[in-house]
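Work through the following exercises with the sequence and the coordinates at hand, and try each task before reading its solution.

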Amino acid sequence: MLTKRRVLGAGAGVTAAVLVLVTGWQAGAAEEPVPDQGLYQVQGADTADARTDVTRTGVDVLGVRDGAMEVVASPAQAAALRDQGLTLSLDGDWDALLDARGGGVSRAAAADFPAGDEGYHTYDEMVAALQAAASAHPDITAVSSVGSTYEGRDIPVIKISDNAATDEDEPEVLFTCNMHAREHLTTEMCLHIVDRFTSGYGSDAGVTGAVDSKEIWVVPSQNPDGAEFDIAGGEYAGWRKNRQPNSDGTVGTDINRNFSYKWGCCDGSSTTPSAEDYRGPSAASAPEVRAVQAFVDSRVVGGVQQIKGHIDFHTFSELVLWPFGHTYDTVTEGMTQEEYDRFKSVGEEMAASNGYTPDQSSGLYITDGDINDWMWGQHKVLSYCFEMYPSGGGIDGFYPPDEDIAPQTTRNDGAVDILLANAS
Ligand code: 0X9
Ligand code: CA
Ligand code: CA
Ligand code: CA
Ligand code: ZN
């Protein structure tokens with residue numbers, strides 16, 4: 001839906017203005033106009049079933065907090081939610097909020113994040129940060145690429161381990177970030193992991209032990225096309241998906257609905273290309289998904305998957321989530337009680353360390369084709385989804401000021417260490 005905003009541009013504004021006039025005339029000019037895309041707080045979606053029903057109306061779900069959902073909805077979608085018996089309050093016009101967050105600065109192509117947020121890394125800065133870490137710590141790092149995006153950008157991966165040039169027989173751990181374009185804080189989370197396990201090597205005993213005994217892989221941005229697009233206008237675009245064109249002229253597949261395990265199985269993704277949770281025309285149709293899957297597939301050595309633990313970082317809502325997302329069942333095909341109990345116990349331990357809320361991912365709402373279901377369903381990797389800071393917050397949910405980067409990434413140091421300790 002945010003696609004339309006940028007594609008239609010001025011045209012959409014003219015339509016909105018006419019609608020406002022007509023609405024104002026009909027309603028006696030007293031009522032607030034309903035925005036084309038409104039940011040709403042939704043109350044009453046107290047069960048996973050109710051939240052799943054909300055996602056199926058096609059709204060853009062920004063976050064979930066204590067049963068309240070923050071969504072971006074059209075007037076028709078807002079009406080549909082009210083028909084479901086939910087209570088909606090309008091926070092504002094999403095487009096206007098985005099404009100305000102960008103400081104009203106409009107440039108043809110941005111070389112950096114909007115004013116005041118330059119502490120975030122652009123794609124070029126992220127690549128440079130990996131190269132800087134590698135040249136400062138050549139013995140424990142190796143930078144390569146898992147593949148290319150739709151627009152042809154490399155998706156870099158850095159390996160951190162003693163004797164990094166050698167594939168040693170050590171448990172491997174994977175951290176992935178920025179699958180959803182606008183979730184920029186997660187790129188910083190991965191870069192913080194890179195910084196901690198390189199600059200702390202030799203001085204911090206915990207870091208040194210992990211680097212000596214494990215092979216740590218970090219992919220700071222799984223969706224650099226989307227992330228660059230999100231800041232390209234000089235203000236934030238609120239973009240989520242990749243930048244692959246669809247057959248109907250819209251753009252973008254939701255990478256986190258395009259993974260191959262039980263793709264499209266369970267009405268946990270959309271078949272409508274314009275939807276924010278569009279699953280794509282076929283499993284792994286997104287080049288970014290093919291690249292990540294091929295990388296993880298390539299870590300099967302001698303018939304054994306080497307990656308033992310994984311966190312995929314998202315924002316926002318402050319949650320620690322584990323598989324499966326495609327079903328409410330705990331024990332099901334591909335998940336025994338013992339396996340589920342392990343997910344829950346490590347998940348709860350990590351959540352206790354960072355103050356997030358632990359849950360099975362379907363406890364949020366049903367999804368199919370997400371990365372964690374694939375990591376576990378296909379490869380039996382202990383795989384978590386973290387929804388980072390903040391717990392709620394509308395526009396700032398995706399765009400917290402860069403002053404929040406340091407406290408909110410170090411906040412997960414303990415959880416990252418717990419994941420590493422359990423990866424064997
Ligand atoms: O919907 C998603 O892909 C993730 N949330 S986000 O707001 N970052 O987009 C959550 C995926 C977790 N899986 C399930 N809820 N089943
Ligand atoms: Ca700042
Ligand atoms: Ca090693
Ligand atoms: Ca190895
Ligand atoms: Zn996300």
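**Exercise 1.** Is Glu 172 buried or exposed?

Solution. The model is a predicted one, and in it Glu 172 has a relative accessibility of 0%. Since buried means under 20% relative accessible area, Glu 172 counts as buried.

**Exercise 2.** Identify the protein donors of the calcium ion (ligand 4) and their spacing along the chain.

Solution. Begin with the atoms: Asp 167 (OD), Glu 168 (O), Glu 172 (OE) and Glu 215 (OE) are the protein donors, lying 2.2 to 2.4 Å from the ion. Along the chain these donors follow the spacing D-E-x3-E-x42-E. Turning to accessibility, Glu 168 is partly exposed at 21%, whereas Glu 172 is buried at 0%.

**Exercise 3.** Which residues coordinate the calcium ion (ligand 2), and where in the chain do they lie?

Solution. Gly 116 lies in the loop between α5 (94-101) and α6 (123-136), while Glu 403 lies in the loop between α13 (395-398) and α14 (405-410), so that the pair, 287 residues apart, links distant parts of the chain. Gly 116 is partly exposed at 40% relative accessibility, and Glu 403 is exposed at 57%.

**Exercise 4.** Describe the surroundings of Thr 187.

Solution. Thr 187 is placed in helix α7 (residues 184-199) and counts as buried at 6% relative accessibility. Leaving aside neighbours within four places in sequence, Thr 187 contacts Met 126, Cys 177, Asn 178 and Pro 220.

Notes
Residues are numbered from 1 along each chain as its sequence is written. Chains are lettered from A and ligands numbered from 1 in the order in which they are written. This is a predicted model: local features need pLDDT of at least 70, side-chain atom pairs count only at pLDDT 80 or more; totals for chains, interfaces and linings use all residues. Side-chain values use heavy atoms; hydrogens and water are left out. Helices (H or I, at least four residues) and strands (E, at least two) are DSSP runs, numbered from the N terminus. Buried means under 20% relative accessible area, exposed over 50%, partly exposed in between (1.4 Å probe, protein chains only). Contact means heavy atoms within 4.5 Å. Donors are N, O and S atoms within 2.8 Å of the metal (3.2 Å for Na, K and Ca); water is not among the atoms, so sites may look incomplete.
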